Every structure is written in structure tokens, then in C-alpha cells.
Amino acid sequence: MNKTQKFYHSVALNAEKCRGCTNCIKRCPTEAIRVRNGKAHIRAERCIDCGECIKICPHHAKRAIHRHFEDLEGLYEYLVALPAPSLYGQFNNLHNIDFVLNGLLHFGFDDVFEVTRGADMITQYTKILLAEGKLKKPVISSACPAVVRLIRARFPELCQHVLPVAAPYIVAAKLARKAAIAKTGLPAEKIGIILIAPCPAKITDVRMPVGVKTSGIDAVLAIDDIYKGLLNEMNKLEEKDLQPLSQATATGTSWCISGGEARALKQDKYLICNGVENVIEALEETEDGKLDDLDFIELKACTEGCVGGVLTAESPFVTQSRVYRLLKNLPPANDIPKEALPLDILDWTEALEYAPIFQLDGDLTTAVQKMRRLEEIVKTLPGLDCGSCGAPNCRALAEDIVRGESSEHACFFILKNKINRMYQEIAISEHPQEEKPHEK
Amino acid sequence: MNEILKLHYVVDGNNFSLAGQAASDVKKMLKTLGMAPDVIRRVSIAMYEGEMNMVIHADGGEIDVDVTPKAVVMRLADRGPGIADIDLVMQEGYSTAPDDIRALGFGAGMGLPNMKKYSNDLKIESQLGIGTTITMRVDINSRG
Ligand SMILES: Nc1ncnc2c1ncn2[C@@H]1O[C@H](COP(=O)(O)OP(=O)(O)OP(=O)(O)O)[C@@H](O)[C@H]1O
Ligand code: SF4
Ligand SMILES: [Mg+2]
């Protein structure tokens, strides 16, 4: 990782395809996108890599930067695939997860380590932490990296409520490397731990994790990118020839659908919410103290949870229904005592700190002055929130103007009025004896 | 004078689903200003309770907020029934909230005590049959 780089994002723009429309600027939950000179620009400090802009763009101009299997060639001596459980829901009529895992071996991996194993441990550990009663309630899940980034940027009071435990893919990655070293005797760096992920937020989190120093993951492949090749390998397999590899439990697998994580904790009072707009509403209510009586809050930025990630091959609803069917045949996770849990891997080592990226100015006096100007400017704008200025709404344009990043002439209506006035003045000076020209 | 940001809100007494909107807007504004999380929390709790009281007990009213780099001052004025005994309503647990409001989770009689707890100064002016004006100040850089 480049240490001097302040922000890394997996979500990027393909400028050639961008038509400068207003779809993504309006959808972005952090108002991170502006259209300038006919092209969208993402403000790095604001983007939480939720992938909403990729989902909405009708021109496919937004994409997630991820690796391809071919890129890994020659880099490692032993490749371990880390399939996220959302991968299991991509295949029709799948009743045995070993088809997927054996398929991954035929696809070119040397070994597999399921992300569900990380999820099982986190479930156990969270139950223990909740029982110990030391966490600030309501405890908010830290599993969705887009949600954690949203909290960090917008909800200062809630930073201390976020479960200080690593995400399943990170826990699984670190366990997988240990297991691979024990099995092969290879040095750690010769082992490639490769996550197969459903969303760009996880790609970003792998490069720049929150809460832990390193993710332990060497590269991320997208589910939709390997889907065809993997399916091809799976189709060649006979059930009787499958190696029994899967250790997936119903508990760990259910994490990929909204609610799976929270229900597994068996708490009395919990809240489940998915979809980034709903998540913001839930965070606002939590911040207002309206949900103080809850034990646990599970928030996932994508519709229906991780199965709704933009890098999956199937729709969230179809995947979700398949995962529910799979769950019926899976065993529940076993209880693990605290002593047996890898606390060095599970515990966050870095505190989640509020990053006030929305503040107008570092100095309060200046910020108040800017806010006054902002309010004045808002009054002069038409309030149509049309987006043609390149900002998501009139207020955002006013904010850009105050920040010195745009001007009121970006507003089509203000410009039109100015031109009209200029036109009238010219007309009057050229024909001083005549009446005003007709408007329009 | 350039340092005062003035905000004005009209609180609709008939629309329960909009109740709390003004407090929520102020909270957003303070975040954009980069205020300390602790100040934001105290202002938003105090204002939310005051706003809810306006809706529940006084058919709405108007809120003026002055933001300066030193303090946030909120003035909540209503034309409701007024408060007969201010010491009484300030007691924790005192409430006249009707049953339908209690069913919604209000009526613990903790609103006013919390407004006092979270602000640095709270002043109540009330006249029976005319209305109530509550002024609260939350200082920046000091704890209430
Ligand atoms: N603006 C007001 N006008 C008239 N009476 C009020 C007003 N605000 C509060 N009161 C009276 O004071 C009482 C106590 O208010 P307080 O906010 O402490 O509790 P509550 O509103 O009844 O319950 P809670 O705030 O805990 O939901 C109210 O029940 C009501 O009788
Ligand atoms: S990924 Fe999400 S936060 Fe980032 S620019 Fe796109 S919509 Fe905005
Ligand atoms: Mg009250």
C-alpha cells in the first residue's frame, strides 16, 4: 500500500463513457459527486465506496477497480480463495456448497477458506462481549465497510457505538494465512489470500482497513468477474467426486443476507436495516437517542444485505431466496469459549475516529460566516434541485460556492436571468427610443 | 455581528410525523459548522425535547436559534395553555401527557429536566392562556 496516499477508492469513473447526466450526483449518499465540464468527478474525501453510483449509472461509466485471476499469475506459490457467502447464492439449484469450493480449486486456486468461518467467530465473540456488558449500547455492527465509513464521516456520536471487532473477511483472511503456512511450510509472503467479494466497499477496506492496521488480504476478485469461469468448472463436477471442504454453518452463511448477523446474536432487542437511504435514517434516529433501548443494530448499505452488492452476478432478491434455501441444510455454529477465540485477530487495534469531512471550515468563526453566506445564497437560487449546475441540489451548489469550488453562474437559471438582463440593456442602448423588447 | 447565524423554524402542532424536524435540521447545520460532537448532542437533545413539548402540549409554535462561535441560543415560543407551576413541571417524572401520547413512548416527564441538564442556562417565561417561551443556551467549549 502506498503510505503517502491519503484516500484510496475502488470506485472510479470511466470518463469516456460519462455523459455528465445527473443520475449519480443525486444518488450518492454523501453528495460526493459533481459534474464539471460535462464529466462526473468523485471527491475522494467524501466517497464511502458504497457503489450506489455504479448501480445507477445508465451509461456504465462508473466501475469498481478490482483484480482479475490472470493478474495473480506468478505472484504467489499458493493461492487461497476466500469466498464470501454471497457467492453461494449466485448459483441456481445449488444444494451443496462443495460444488462451489471444488469449483474454485478447478478454477485455479490451491485452497479455499470460507469467509463464513470468520463470521461464526465474530458471532460468538459479539455474544460474549454483549454479555460482558462493556460495550456502549446500542452496539452497531462493523461488518459493512460502507456503513462504518458513513458513521465516521457523519455521525460523530456513534463512532463509540461501533462494534470494535474486525469484519468476517479480515478474520478469515488472517486465519487462512496461518492455516496455509502450517499446511505448506511456505513463508507468509508466498501465500496469496484472495477475497472473492460482492462489493467495492470491501475492496477499499482491504486496501485501507478501518479498525485494524492491515486486512491480511492480498487481492480482491469480483464475484461477477469470476462467475462464468467458475460456473463452467462447477458444471464439470459430479457430486460423488467432490472433496468435502465446506465448513459453512447456517449462522455464518446467513450473514450475507440482511438480518443474518443480528439474529444470530439471539438478543431481545435489535434492529435490522438495509439500503443506504434507510441506513442513514436509522443512524439519525440512533444519534437522536430514539433507539437507546436496543442491544444491537445491524446496518448494511446494500439492498437485502451483501447479496445486493454491485459486483454480484444475480439480483439481490433472487440471491437472497437461494441463500434461504441453502440455510435449511446447514448446521448451526458451535459455541466457542472466549479462551479459544483468536482475540489478536478479532479485536480492533485502532479506534474509529470522527473524520468531519462535511465541515465548512476548521475555524468556527469562519464556519459561521460561511454558513451565513450559504444561507443567503440558498435564498437566491431557484430551489428546483435540478442538478444541471453539476451539484446534487441547490443547497449543495451554495455550499460549493462558499467553499470556493463553484460560482452562482453554474446555475442555469441565474445565468439565464443575467443574459436576459444584458440583452435588455444592449437592446435599450441600441434602440433607446423603443420600448423594452418582449421577453422570451 | 457578522458572527451570528440566525435560524428560524415554524413548528406545526398538527403534524406529529414532522415533529423533531427542526432539531434534526439544526443538528445537521451544527455538524456542517464543525462543532464539537458533545455540543451538537446537547443542543439537539435539548431542542428536540423542547420541540416535542411544543407539539404535544402547546399546538406548535416557533423556534429561533442563534449560533455564534461562543454559544447556541434557542428560543422556543408557543401560544399554548401556559404553565401554572414551573417548579412542578421541572420535576423529574411530572407529566400531564394524555394516554394516546404515552402510547407513543412520550410522557415520562423527563423532557424539561433533560433540557435543563443539557443546557448551560434555561429560562421559562409563561403566562396561563397566553403561552410559553423557553430560552436555552448551550455554551461551546464548556460542559453543562
Ligand atoms: N410548552 C408547554 N406548554 C404547556 N405545558 C408544557 C409545555 N412543556 C411542558 N409542559 C408541561 O410540563 C410537563 C412536563 O414536561 P416534560 O417535557 O418534562 O415531560 P413530558 O413532555 O410530559 O414527557 P416527556 O418529555 O418525558 O416525554 C408536561 O407534561 C406538560 O404538562
Ligand atoms: S461509491 Fe457511493 S459514496 Fe462513492 S461516489 Fe459513488 S455513490 Fe458516492
Ligand atoms: Mg416533554
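The legends below describe close-up views of a predicted model.

Local features require pLDDT of at least 70 and side-chain atom pairs pLDDT 80 or more, whereas totals for chains, interfaces and linings use all residues; side-chain values use heavy atoms, with hydrogens and water left out. Residues are numbered from 1 along each chain as its sequence is written, and chains are lettered from A and ligands numbered from 1 in the order in which they are written.

**View 1. The shell around ligand 1 holds 21 residues.** A residue is near a molecule if one of its heavy atoms lies within 4 Å of it. Asn53(B), His57(B), Ser95(B), Thr96(B) and Gly107(B) come nearest to ligand 1. Helix 2 (37-58) and helix 5 (111-118) of chain B each supply at least two residues of this shell; the largest share, four residues, comes from helix 2 of chain B. Helices (H or I, at least four residues) and strands (E, at least two) are DSSP runs, numbered from the N terminus. By class, the shell divides into 10 nonpolar, nine polar and two charged residues. Here Ala, Val, Leu, Ile, Met, Phe, Trp, Tyr, Cys and Pro count as nonpolar, Asp, Glu, Lys and Arg as charged, and the others, Gly among them, as polar.

View 2. Ligand 1 taken alone exposes 590 Å², of which the protein buries 94% (accessible areas by the Shrake-Rupley method with a 1.4 Å probe).

**View 3. Ligand 2 has 13 residues around it.** Cys28(A), Cys47(A), Cys50(A), Gly51(A) and Cys53(A) come nearest. The shell around ligand 2 divides into nine nonpolar, two polar and two charged residues.

**View 4. Four strands of chain A form an open parallel sheet in the order 6-5-8-9.** Strands pair if DSSP finds at least two bridges between them. Strand 6 and strand 9 (219-222) of chain A are the edge strands, each pairing on one side only. Strands 5 and 6 of chain A pair in the parallel sense over two bridges, and Ala81(A) stands opposite Val112(A) in strand 6.

**View 5. Strand 10, helix 11 (residues 276-287) and strand 11 of chain A make a right-handed β-α-β unit.** A crossover is right-handed if, with the strands pointing away from the viewer, the path from the first strand over the helix to the second runs clockwise. Strand 10 (residues 270-274) and strand 11 (residues 296-300) of chain A pair in the parallel sense over five bridges. Lys300(A) in strand 11 is the bridge partner of Asn274(A).

**View 6. Phe69(A) and Phe109(A) form one of the six aromatic pairs found over all chains.** Rings of Phe, Tyr and Trp (its six-membered ring) pair if their centres lie within 6.5 Å; planes under 30 degrees apart count as stacked, over 60 as edge-to-face and the rest as tilted. This pair is edge-to-face, at 5.1 Å centre to centre and 65 degrees between the planes. Phe69(A) lies in the loop between strand 4 (62-64) and strand 5 (78-83) of chain A and Phe109(A) in the loop between helix 3 (98-107) and strand 6 (111-112) of chain A, so the pair ties together parts 40 residues apart in sequence.
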